[in-house]
Amino acid sequence: MITMVLPKRKADHKQQLQRLIESKPLPPFDPLVVEFIDAVSKSVLLDSAMSRLPEMASVAHWMRKGHIAELRESFQERQKGRVCVARGMVLHFAPSNVDSIFLYSWFLSMLVGNSNVVRLSQRRGEAVRLLLEKIGFLLDQPKFQPIETRSLILAYDHEDSITEQLSQVCQVRVLWGGDESVRRLRAIPMNPLGMEVVFPSRFSLAMLDASEISSASESLLRQLAGRFCNDSYWFDQKACSSPRLVVWVGERGTCDFAKRQFWPNVQEEIRKRNIQYPEVVGIDKLVTAYVSAGLGMVDSIEPNPTGTVSRVHLSQNARPEFRNLECGGGLFFEAEIPDLKCLPEILSERDQTLSYFGFRREEIRELAFSLPARAVDRIVPIGSALTFSTIWDGNDLLLTFSREIDLE
Amino acid sequence: MSAELTAALVREDPYAEDCAEKATRLLAEMNALTSFHAERCLPYLRILSAAFHAKTQFDCLADLPFIPVRLFKELELRSQPQELIVKTLTSSGTTGQRPSRIFLDKSTASAQVHALVRIVRSFLGIKRLPMLILDHPGVVKGQNTFSARGAGILGFSQFGADHTYALLSDTLHPDWEAIGSFLDRHRRERILLFGFTFILWQHLLLVAEQDGRKLDFGDSILIHGGGWKKLEESKVSNTEFKQRLRHTLGIRSIHNYYGMVEQTGSIFMECEEGYFHPSDYSEVIVRDPRSLEVRTMGAPGLIESMSTIPMSYPGHVLLTEDLGIIQGPDGCRCGRRGTFFTVLGRLPTAELRGCSDTYQVPS
């Protein structure tokens, strides 16, 4: 079943697709597009039920006029007088784990002037339903008609034939999703002139300096726990950027002390936020913990593995595949390394976001230059793991969604 | 192990021990099994090391190292070398999930038979009864691997004679002719009916009701199992189930059993009062689904099922995902001693999708 979600008034997605194909690209950062995005931001912020949701609040914040102006500045700065224009039509496949991604992908592409087709899954959260309603309302306004003619949001599940039709007419195909769905979608042929950007499953980790934690004040520890909880629990630990491995850097004894300082604060934060999952999630975590142990990936399981914070200790010789043991809901692998220099040894190409606490900027820069091939695309302070950036998985999305005209 | 097993087999009634007696005997057997599997099954030993400080001896049944039953879908758990495995049982498994794989060696397979015989004989008596299988013959095809349904039918076939299938293989439609001639052959005899709860409901009872057929199975005893999940979805209670079977098919005595492919043999039979009873081979406790602490009598929780049977795989202490209530230690009005309990159904499933609006209460 194919549902045309937006624009609301158009009955037939084929007609709307034709309008997209026939539309000329808009210039990058067209004032009307900036105004539209700002209007979406305002309508979210004015809805108290929506702006209370942390995910929607950060989306709305990202869409504000001021922030878009920053994006334009850095876009122009990176171009340094070169000429970059829209590629044409971009086809986006939204992931099912983080609902807001489709919006970033769509709006960034819209900002550089493309027409956009967004494919959503039939299963969507309530927040996204409300968000789409607001966007639909704005698209219906006559002044935003140029955007309306360049936008098509479809919801369908596994109809490969429609994916193929869309892939034949787009200039860029953007795939966000799990490895399986990315693999399936990549097998579907596309326009020979088109290009593809893929964002498959990734793994993320947090890294803390044990002695910094050991000497941190109570209030600093509380703040840090709050930021760590944002990174880990906003999307039930299902976001690619949410940490699933916590690496302690320091002497063994200091690491043990730091853990006893850190985790009770995380527990307390979870209690305060009243985060509680259905009972079966605890059982999922118990099963994942025991499977990890059974496979030799984990050598110790902390008491209460069914609780909201479950901790398992990574075996010395765990294979990189422990990253596939995934269940979400707050299951953390833990490891200790004596020195930051040892970190590259435990990294793998699946690793995306490294969030950190207690390191100096120079140390982090040095680490960035010693990373193994492909591993780690973002290094950010704990608390910013989920902050969306236009640089994602090593790609500058604004540049990826535009093409450069070679002018001599 | 075998001396104890023999001793248990000598006693006729598998429900004669009271809770206190049984706890002592069972604890020794369970501790022996834990050591046995820890020595022979590396993944199991790793789990004991990671979660139970590698301990194998415990002071009470509640402390025993339970493993989640779902582990048999995720790991290959075997305590005997592959060449000694004579049979592999698989669970049907819900869609998208891998099935459980249960590896049986000769002695575990025969211990399953012994246990089942003693338990079921205490309900049926020693004489083989004419047996009508409320399923189709296609389920038992297959050489060394069996579905839980096939294994159940084969296991119970030993209590019957003149085995007759009540459903047609290709359509699953009732074979009214075969049923009729079976009943003609065994007028005034006690007959055994066996089937899977949902299959016999869907493909026999509902069809008979729709066709307006009424049968009289006479002096009959029905034993059925396989779970209530699908009936629960159609909101059919055990009482209603029994009433309608009695009304349309004239079945006099109906016993559900609760069991799992991971502990084949040591099944829990439903008594005349409607309660499940652990036998000499098994025990249950109930745990809080969140904390996994043992819950007291009368409080619902996850069923942990113990069995003395598994020797070729570490399945002697399993945490199920079924909810149940311990109704009492000893003292069931049916006369059987020991723990008795009820099963409420599966722990509700839920999938984390990652939307922050699903579970978090905004601060």
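**Close-up views of chains A and B**

**View 1. The side of chain B that touches chain A.** In this predicted model, 32 residues of chain B are in contact with 43 residues of chain A, two residues being in contact if their C-beta atoms, placed from the backbone, lie within 7 Å. Helix H3 (42–52), strand S1 (67–68), helix H4 (71–74) and helix H11 (356–359) of chain B each give two or more residues to this side, and H3(B) gives the most, with 6 residues; helices (H or I, at least four residues) and strands (E, at least two) are DSSP runs, numbered from the N terminus. By class, the side of chain B that touches chain A holds 18 nonpolar, 7 polar and 7 charged residues, where Ala, Val, Leu, Ile, Met, Phe, Trp, Tyr, Cys and Pro count as nonpolar, Asp, Glu, Lys and Arg as charged, and the others, Gly among them, as polar.

Residues are numbered from 1 along each chain as its sequence is written, and chains are lettered from A and ligands numbered from 1 in the order in which they are written. Since the model is predicted, local features need pLDDT of at least 70 and side-chain atom pairs count only at pLDDT 80 or more, whereas totals for chains, interfaces and linings use all residues.

**View 2. Tyr290(A) and its partners in chain B.** Leaving aside its neighbours within four places in sequence, Tyr290(A) is in contact with Ile47(B), Ala51(B), Ile67(B), Pro68(B) and Leu71(B). Tyr290(A) is also, with Leu208(A) and Leu193(B), among the residues with the most contacts inside the largest nonpolar core, which has 205 residues. Such a core is a set of buried Ala, Val, Leu, Ile, Met, Phe, Trp, Tyr and Cys residues joined through C-beta atoms within 7 Å, a residue being buried if 20 or more other C-beta atoms lie within 10 Å of its own. Helix H6 (residues 101–111) of chain A gives the most to this core, with 9 residues.

**View 3. The open sheet of chain A.** In chain A, 7 strands form an open sheet with mixed pairing, in the order S10-S11-S12-S9-S8-S13-S14; two strands pair if DSSP finds at least two bridges between them. The edge strands, S10 (298–301) and S14 (378–381) of chain A, each pair on one side only. Strand S9 (residues 243–249) of chain A runs parallel to strand S12 (residues 331–337) of chain A, and 5 bridges join them; Val249(A) has Ile337(A) as its bridge partner in S12(A).

Methods. Buried ≥ 20, exposed ≤ 12 C-beta atoms within 10 Å, placed from the backbone.
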